[in-house]
Amino acid sequence: MITILYGIVIITATFLGAFVGLGGGVIIKPLLDLIGKDTVDVVNFISTCAVFSMSISSTIKHIRAKTKIDYKFIITLSIGAVAGGTAGSQLFDALLNKFDNSMLKAIQGIILGILLLLSVIYINLKNAKSFNVKNPIGIIAVGLTLGFTASFLGVGGGPINVAFLVLFFSMTMKESAVYSVGIIFFSQLSKLVTMGITGTVPTVNPSTIAVAIACAVAGGIIGAMLNKKGSEKAIRTTFSIVVAALVVVNIYNAICNLV
């Protein structure tokens, strides 16, 4: 029953992740924390596997649909994301040894809730200031920040990616959704590789991982297809509603884990 519930959460999350650039992990992690069946390291691993699978299927769908993608830009950005993802994963492992499961969940929930709130506020500001960073070092620095945040919080970083892409590179919501998924691919890849090298992969039921990957692939394909067809307004509205709901869920999780 739990595996089926996880599957429903993951296919819904990855569909929204690919559609509006949320990534999926930002939905998967707080909801699996809310279900409360697994520890923080297991939830992080399931979320990472699902989001990574979604990013692959979504990107392939965009390539086949001939979506316009600046590969040089996304590779430059992802260099920083990979380095940041590795550092974020190491910080998570260090804190896992210092705090108990509930405290670490609370820390992640508070940080994520604040970042999500700032993201949805910025995206909905009229005439919000944005930059058009072209310098490779600046692009790598943005990627580093995004990769670190996503990996440490175990969420893929989608909403934060979207807000940063709009802010620093003057992208539309629709464009940022595509590039957000690309960043997620590289940051989550680095996290999985780091976990494999350091031997920190938690023990997880194989059927749970299989269901998570299958649902994430399906969600990624459907989400990418609708992103291609969706309007800027539809993507912005969906993003705002989902992220606002996630702010509430994360703050609730944080409070529950502190008391």
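**View 1. Aromatic pairs of the predicted model.** A search of the whole structure finds seven aromatic pairs, a pair being rings of Phe, Tyr or Trp (its six-membered ring) with centres within 6.5 Å, stacked if the planes are under 30 degrees apart, edge-to-face if over 60 and tilted for the rest. One of them, Phe-15 with Phe-19, is stacked, at 6.0 Å centre to centre and 10 degrees between the planes. The two residues are about one helical turn apart because they lie four residues from each other in helix H1 (residues 2–20); helices are DSSP runs of H or I of at least four residues, numbered from the N terminus. Phe-19 is buried at 10% relative accessible area, whereas Phe-15 is partly exposed at 24% (buried, under 20%; exposed, over 50%; partly exposed, in between; 1.4 Å probe, protein chains only).

The model is predicted, with local features requiring pLDDT of at least 70 and side-chain atom pairs pLDDT 80 or more, while totals for chains, interfaces and linings use all residues. Residues are numbered from 1 along each chain as its sequence is written, and side-chain values use heavy atoms, without hydrogens and water.

View 2. Phe-148 and Phe-152 are four residues apart in H6, about one turn of the helix. Their ring centres are 6.5 Å apart and their planes are at 15 degrees, so the pair is stacked. Phe-152 is buried at 7% relative accessible area; Phe-148, at 30%, is partly exposed.

**View 3. An aromatic cluster.** Phe-73, Phe-169 and Tyr-179 together form one aromatic cluster.
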